[in-house]
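Colleague: I am new to this structure and would like to learn how to read its features, one at a time. Could you give me the general idea in each case and then show me the example here?

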Amino acid sequence: MTAKPQSALLSPLQTARQLAAEFALTAVERDERGGTPKAERDALRQSGLLALSIPSQFGGLGAPWSETLNIVREFARVDSSIAHVFGFHHLMLATVRLFAKPEQWQPWFEQTARKNWFWGNALNPLDTRTVVRNLGGWREFSGKKSFCSGASDSEMLIASAVDESNGGKLLIAAIPSGRSGITLHHDWNNIGQRQTDSGSATFERVRVEESELLLDPGPLSTPFACLRPLIAQLTFTHMFLGIAEGAFEEARQYTLGETRVWHKSSAQDVRQDPYILSHYGEFWVALEGIRLLVERAAALLDQAWAKGPALSAEERGHLATAIATAKVAASRQGLELCSRLFEVTGARSTHASLGLDRHWRNLRTQTLHDPLDYKLHELGDWALNQSLPTPTFYS
């Protein structure tokens, strides 16, 4: 990997496109191999894009969420594992911004921008096996945590634990990934998102300082703090759209270069086959619909973020419905496109060396993060009863 520090002559999107072109060269082989994409993560460090969402006064590039998520989408077109860990990095930065005091998150932002830190995830609020002990001046986290995306090869972790002495309250902390007692297990071996390192972690009496706990204003405490799950959901949605766009483009190139006209076709060239054209027409309509919904939701997130603590619960609720709508569309239409692309590429396109199946496997794996049925339930409650979604870590 030969990425250079971001040039002042290149925009973040141009830098991302250069990186994506390099990532694409090895995407199929790395998908098969799994594990940590160390060279690609280092290229992201060197690019300066890890500081993309950090405000300029703290050494970052000051990009709005729409631009940051558009780069997640750009990476997802060729390598959705890289898109995942890159998007989660910025989600973790949003977590400390939304849940912590300025005297906490500002130094973390400055150090991330200066040292090219990568942030990983060990939050997973549904996994309550990690518990807290209060030792007076500090806390201890002990237990296991699953789905720790991007934790390997990271400098900082967002971790959660349950305080059983305080009614099962969820405590969230920002801690160095290399702290004594943290063991990251390289046990992620799923059918998709194979280089996200989304395996498990063990915490053995890990010391957590009071200054590392995200208590003020704390998780989901205000409408502004409740943007955190919406940023997560919209990150996924941009990944889903990017995967579908990448699958479409790979299928298109294969069709134009390799697909043969069926012997019963009236067309002399695959470019004029009526059924091939019909399929591509359907793919195009689906993608255009997703793009409009996703871009609208991203613009609304920018507006909500700009309001800061003045954001109202109602404004947050309307944003939640826009993001859920985009996510449902991207999930359903993306899965259909990634499955049906073989109808326009033919039997030879199933050769393992092409890796065209990875798009469906990646999308299928990540769309199971939280059930789509419950998104539809929330949207139905809004459509019928005008009831906005109640904030949780998943809505």
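Colleague: What covers the buried residues of H2?

Modeller: An α-helix has 3.6 residues a turn, so residues three or four places apart point the same way. In this predicted model, helices (H or I, at least four residues) and strands (E, at least two) are DSSP runs, numbered from the N terminus, and contact means heavy atoms within 4.5 Å. The cover of the buried residues of H2 includes helix H1 (12–33), helix H3 (65–76) and helix H4 (80–99).

Colleague: Which residues of helix H2 are buried?

Modeller: Buried means under 20% relative accessible area, exposed over 50%, and partly exposed in between, with a 1.4 Å probe and protein chains only. In helix H2 (residues 38–47), the buried residues are Glu40, Arg41, Ala43, Leu44, Arg45 and Ser47. After H2 comes Gly48, whose phi is positive, near 85 degrees.

Colleague: Is Glu164 buried or exposed?

Modeller: Glu164 counts as exposed, because its relative accessibility is 60%. Glu164 sits in the loop between strand E4 (156–163) and strand E5 (169–176). Although Glu164 and Val131 are 33 residues apart in sequence, their C-alpha atoms are 7.0 Å apart in space.

Colleague: Where does UniProt place domains, and how should I read them?

Modeller: UniProt positions are given in the numbering used here, feature names are shortened, and annotations may be inferred rather than shown by experiment. The unreviewed UniProt entry gives "domain: Acyl-CoA dehydrogenase/oxidase N-terminal" at residues 14–114, where the chain is 74% helix and 0% strand.

Colleague: Why can the chain as a whole be said to agree with a compact globule?

Modeller: The radius of gyration is taken over C-alpha atoms, and the globule rule is 2.2 Å times the number of residues to the power 0.38. With 395 residues, a compact globule would have a radius of gyration near 21 Å, and the chain's 22 Å agrees with this. Of these 395 residues, 53% count as buried, and among contacts between residues at least 6 apart in sequence, 75% join residues at least 24 apart.

Colleague: What should I keep in mind about these values?

Modeller: Residues are numbered from 1 along each chain as its sequence is written, and side-chain values use heavy atoms, with hydrogens and water left out. Local features need pLDDT of at least 70 and side-chain atom pairs count only at pLDDT 80 or more, while totals for chains, interfaces and linings use all residues.
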